[in-house]
Amino acid sequence: SDENVSINSETSVCPWNSDNFLMRIGLKGKSLNERPPSNFVFLMDVSGSMNSPDKLGILKKGFSTFVDQLTDDDRVAIVTYAGAAAVLLQSTSGSEKRDIKNAIDELGAGGSTAGAQGIITAYEIAEENFITSGNNRIILGSDGDFNVGPSSTDELVELIEEKRDSGIFLTVIGVGGGNLNDGMMEQIANNGNGNYEYIDKAEQLDKVFIHEYDKFFTVAKDAKIQLEFDLESVDSYRLIGYENRVLENEDFENDSTDAGEIGASQCITALYEIIPASNPGTNLASMEFRYKKPDESSSRLLSENISFSPQPFAESSENMRFAVSVAALGLMLKESEYKGKLDYPMILEWAEDAVSYDPFGFKNEFIDIIKKVD
């Protein structure tokens, strides 16, 4: 049996040593000199629903932080939308950081939300300033409360799909709570050759705009993974999560099928629960990975074999144990029928035992979340 999964940015931990595999597809972090020149368009929602510190306020801080990462070869334009779309700042060199930040500082919120018109305008500006062999990307910041023009998920996805082949990638930053349309914004990003991030507090700004800045540089698009389990070793299996990523078997080799994008230094984790055969062999599964270079239309194929060497969970890698704790919390919060004997003290113990490497405090922040839920 096999399983096809379209992959994207769900988590940043890897369950096994995979540096060699990452280098083969260019996923290792890029130094400043290795990054191509960028043509960025900041698309800012300044409608009335964004008028709070945890929405427009946090976006302004985030984009100002982002500006500090720019080189002189980069360019930035700013498009805003409320009742209509407007170009606040024409494409400007990254050397003019003060001018860009001044434009961001001037942003204020009010009015209705013509999100679709803002998207159209942002793509027009990105196309006018397109950098051949460069990094061309729109970064949309919003709570997703679109209420003027096309506003349903299906309408917006259709609009984004029309722009997908332009060579312009899309990052969506979700902010705030209450009327946050999280699902719609994730689907826009998924269908716009991009990624989705959610920021709920100022502490997340450094994570998205500094520590994971390389994710704004796509190195693999339409990435797909296919696993074929060895039936001599595995009686049955279940993929945990990724319900909105599963592809039909025939889509794996179909280069016209849209899939996920991966940025430099980014790593993806997919967890499977398996029931081993009574006398398993040494081979667990074969894995095939298809991806396209950002400027190519034909996919490349890489293959790896995964050996089967069962061991107690407590002896597995720290990354593996932490990834399982994250998935387990999700199962508990969703009251999944597959949660088995999980409980919050068990999840907390797994997470707390897997924090020896936590340079930016992200793991400890997750532990605090478990404690609050429990």
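**Helix packing**

Author: The buried residues of H2 pack against strand S2 (38–45), helix H3 (97–105), strand S5 (135–142), strand S6 (169–175), strand S7 (194–199) and helix H7 (203–211). Contact means heavy atoms within 4.5 Å. This is a predicted model, where local features need pLDDT of at least 70, side-chain atom pairs need 80 or more, and totals for chains, interfaces and linings use all residues. Numbering starts from 1 along each chain as its sequence is written, and side-chain values use heavy atoms, without hydrogens and water.

Reader: How many residues of H2 are buried?

Author: In H2, 11 of 15 residues are buried (under 20% relative accessible area, 1.4 Å probe, protein chains only). Among them are Leu-56, Ile-58, Leu-59 and Phe-66.

Reader: At what angle do H2 and H3 cross?

Author: Their axes, lines fitted to C-alpha atoms over the stretch in contact, with angles from 0 to 180 degrees between N-to-C directions, come within 10 Å and cross at roughly 175°. H2 and H3 are therefore roughly antiparallel (over 145 degrees).

Reader: Which residues make the contact?

Author: Lys-60, Phe-63, Ser-64 and Val-67 of H2 meet Lys-97, Ile-100, Lys-101, Ile-104 and Asp-105 of H3. The contact of H2 with H3 has four nonpolar, one polar and four charged residues. Ala, Val, Leu, Ile, Met, Phe, Trp, Tyr, Cys and Pro count as nonpolar, Asp, Glu, Lys and Arg as charged, and the others, Gly among them, as polar.

Reader: New topic. At what angle do H9 and H10 cross?

Author: The axes of H9 (residues 344–352) and H10 (residues 362–373) cross at roughly 165°.

Terms used. Helix = DSSP H or I, 4+ residues; strand = E, 2+ residues; numbered from the N terminus. Buried < 20%, exposed > 50% of the residue type's maximum accessible area, 1.4 Å probe, protein only. Parallel < 35°, antiparallel > 145°, perpendicular 65-115°, else oblique.
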